[in-house]
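Colleague: I would like to learn how to read a model like this one, feature by feature. Could you take me through it?

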Amino acid sequence: MSFASRNKRILDGLVQNRTAASGFLFYGQPGAMLSEAGRYFSKGLNCQAFASGPCQSCDTCNHITGGTFPDLIILDHDSRIKVDAIRQLQEQVKYGPSQAH
């Protein structure tokens, strides 16, 4: 994992203790590997074969890696977030998850 091991330990602790909230915002400067951290965290929460970490090979992990997991929304800092994007996000999050636990 290329993001800091301290951050990985924090995320692993939340996953193992099942103390994760319903939504998380990863915020920081460009290049801080926040999208990678979000994907890792999502895998940990949703992995079908979770042991001491995400298996990286189940359907859920593969969908998250490929960007096709419907319940993971990543807003990239490279694109300017416009009002319409926020409205679309509000529309998406008012419904329950379709595949996530």
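The dialogue below goes from confidence and fold to single residues.

Modeller: Ground rules come before features. This is a predicted model, so local features need pLDDT of at least 70, side-chain atom pairs count only at pLDDT 80 or more, and totals for chains, interfaces and linings use all residues. Residues are numbered from 1 along each chain as its sequence is written, and side-chain values use heavy atoms, with hydrogens and water left out.

Colleague: What mean pLDDT does the protein chain have?

Modeller: pLDDT is the predictor's confidence in each residue, from 0 to 100. Where pLDDT is low, the predicted coordinates should not be read in detail. Here the protein chain averages 80, and 91% of the residues score at least 70.

Colleague: How many helices and strands does the protein chain have?

Modeller: Helices (H or I, at least four residues) and strands (E, at least two) are DSSP runs, numbered from the N terminus. The protein chain has 4 helices and 0 strands. Along the sequence the pattern reads α-α-α-α. The radius of gyration is 14 Å, close to the 13 Å from the globule rule for 101 residues, so the protein chain is as compact as a globular protein of that length. That radius is taken over C-alpha atoms, and the rule is 2.2 Å times the number of residues to the power 0.38. The C-alpha atoms fill a box of roughly 40 × 30 × 25 Å along the principal axes.

Colleague: What share of the 101 residues counts as buried?

Modeller: Buried means under 20% relative accessible area, exposed over 50%, partly exposed in between (1.4 Å probe, protein chains only). Of the 101 residues, 20% count as buried.

Colleague: Which residues is Thr60 in contact with, beyond its sequence neighbours?

Modeller: Contact means heavy atoms within 4.5 Å. Leaving aside neighbours within four places in sequence, Thr60 touches Asn46, Cys47, Gln48 and Phe69. Thr60 sits in helix H3, residues 59-66. Thr60 counts as buried because its relative accessibility is 8%. Its side chain also makes a polar contact of 3.2 Å with that of Gln48. A polar contact is a pair of N or O atoms within 3.5 Å; within protein, one must be able to donate a hydrogen and the other to accept it, and residues adjacent in sequence count only if both atoms are side-chain atoms.

Colleague: Where does Cys47 lie?

Modeller: Cys47 lies in the loop between H2 and H3. At 9% relative accessibility, Cys47 counts as buried. Cys47 and Ala100 are 53 residues apart in sequence and 9.2 Å apart in space, C-alpha to C-alpha.

Colleague: What phi does Gln56 have?

Modeller: Gln56 has a positive phi of about 70°, although it is not a glycine. Gln56 lies in the loop between helix H2 (34-46) and H3. Gln56 is partly exposed, at 36% relative accessible area.
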